[in-house]
There are 2 protein chains.
Amino acid sequence: MTSTRPLRADAARNRRLLLAAAADEFAERGLDVSVADIARRAGLGKGTLFRHFATKDDLLAAIVLDRIDALKTVGEQLLDAADPGAALLEFLTVAADQQRQRDLSFLQEAGELNADVTRAREQMFRSVHKLVDRAREHGAVRADITGADVILLMCAPNYVTSYVPDAPPGLWQRYLSIIFDGLRPEGAHPLPHPPPATP
Amino acid sequence: MTSTRPLRADAARNRRLLLAAAADEFAERGLDVSVADIARRAGLGKGTLFRHFATKDDLLAAIVLDRIDALKTVGEQLLDAADPGAALLEFLTVAADQQRQRDLSFLQEAGELNADVTRAREQMFRSVHKLVDRAREHGAVRADITGADVILLMCAPNYVTSYVPDAPPGLWQRYLSIIFDGLRPEGAHPLPHPPPATP
DNA sequence: CAATAAGCGGACCGGGCGGTCAACTTGCTA
DNA sequence: TAGCAAGTTGACCGCCCGGTCCGCTTATTG
């Protein structure tokens, strides 16, 4: 589209600084941190932040877009894995590990208004659906589970651990493991409600 | 302590109106709704709200305290139930059903500063620990699960469904069911991380 | 090295928030 | 029913937030 000439060296560095500071700040203190705090953490002025990202939501969207794209790629690569059950578990592990601490709600909050994020998210969701379908056909997950279910449950381990004050770093793995056991065919009980259509 | 004379009739009614309006508003639109909106929904002035609740957090704490107390009572009653596994599931069902939609984070957010809420929460947690212990001894849940695990997972069904745009009313039951299957002994895989000590 | 445009920063703005207050209304009681 | 304490109200306050703007700095380039 707009053939934009490359960023000046310092500007490129500052952009990276801002993205990193914002990611940390969002992760540690939630989506409500002020842009002033983010800029301060990056060691830059507030004006600089707004030169790089027109709005606070755009900054959030840039971070989320990165992560979703990375996840999408991981998902696609895992489609060729030998063990479909292990592949799905691996995907969920990467997904939960990538978004540390409390930046769980990233997926929805940012996508509301940004078309790029929405599109990337849908591509990533498609990967998940395929992973789940493969795992189901292989008997690695129960028959009554859908991709939409897994997408919804994907962030739960992070959510759950965000409520323990000084959580040890790997605690989320415990809850991913429990939830994944709930997805397995062994000992599965019939589900009381059909899955949602949307995601 | 302070022998306070009973509220005037209209004041008592308004207090109930405010609590109901706040509960609805928090549930529908999250904890960030303005006190002005809550007062408007109750059909009252903002000043009236602050006469009944010194601060917005106090209002939230009053709501949360009610719910936690109710949950504590349910938990204690279920301790006498014949089937410990069914009792635990019933408790989790009541817990998830009680806090509809997105008011999931009630437990932590409000208790941060309010001593009453903290105390009530700890009592309720004690009930959960007992329910889980009984269920474990009975073989209804896996041996490596603790009360703290269940407390953390308690709100997950609501959290998960809060991300589907127009969720059908009972959808949370699906995810409670999946997660509960993950708590059962059949098909359980060893957990990769010890449980947290705190709750 | 000089010229210049790209980048930077912080004072500033409008708006919305939680919370206050003094003038007004109303349920209770004797 | 008269008197008054209890209750109500919305205009108002100070604060902080996202976002703007313009004078200043600096990387780039011929």
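A salt bridge is taken here as a side-chain nitrogen of Lys or Arg within 4 Å of a carboxyl oxygen of Asp or Glu. The model is predicted, so that local features need pLDDT of at least 70 and side-chain atom pairs count only at pLDDT 80 or more, whereas totals for chains, interfaces and linings use all residues. Residues are numbered from 1 along each chain as its sequence is written, chains are lettered from A and ligands numbered from 1 in the order in which they are written, and side-chain values use heavy atoms, without hydrogens and water.

**View 1. Salt bridges between chain A and chain B**. The interface holds four salt bridges. In one of them, Arg174(B) pairs with Asp149(A), with 2.6 Å between the closest N and O atoms.

**View 2. The side of chain A that touches chain B**.

**View 3. Surroundings of DNA strand D**.

**View 4. Phosphate oxygens of DNA strand D**. One phosphate oxygen lies 2.7 Å from a side-chain N or O atom of Lys56(A). For Arg51(B), the distance from a side-chain N or O atom to a phosphate oxygen is 3.3 Å. At Ala9(A), a polar backbone atom is 3.4 Å from a phosphate oxygen.

Methods:
A residue is near a molecule or strand if one of its heavy atoms lies within 4 Å of it. A polar contact is a pair of N or O atoms within 3.5 Å; within protein, one must be able to donate a hydrogen and the other to accept it, and residues adjacent in sequence count only if both atoms are side-chain atoms. Helices (H or I, at least four residues) and strands (E, at least two) are DSSP runs, numbered from the N terminus.
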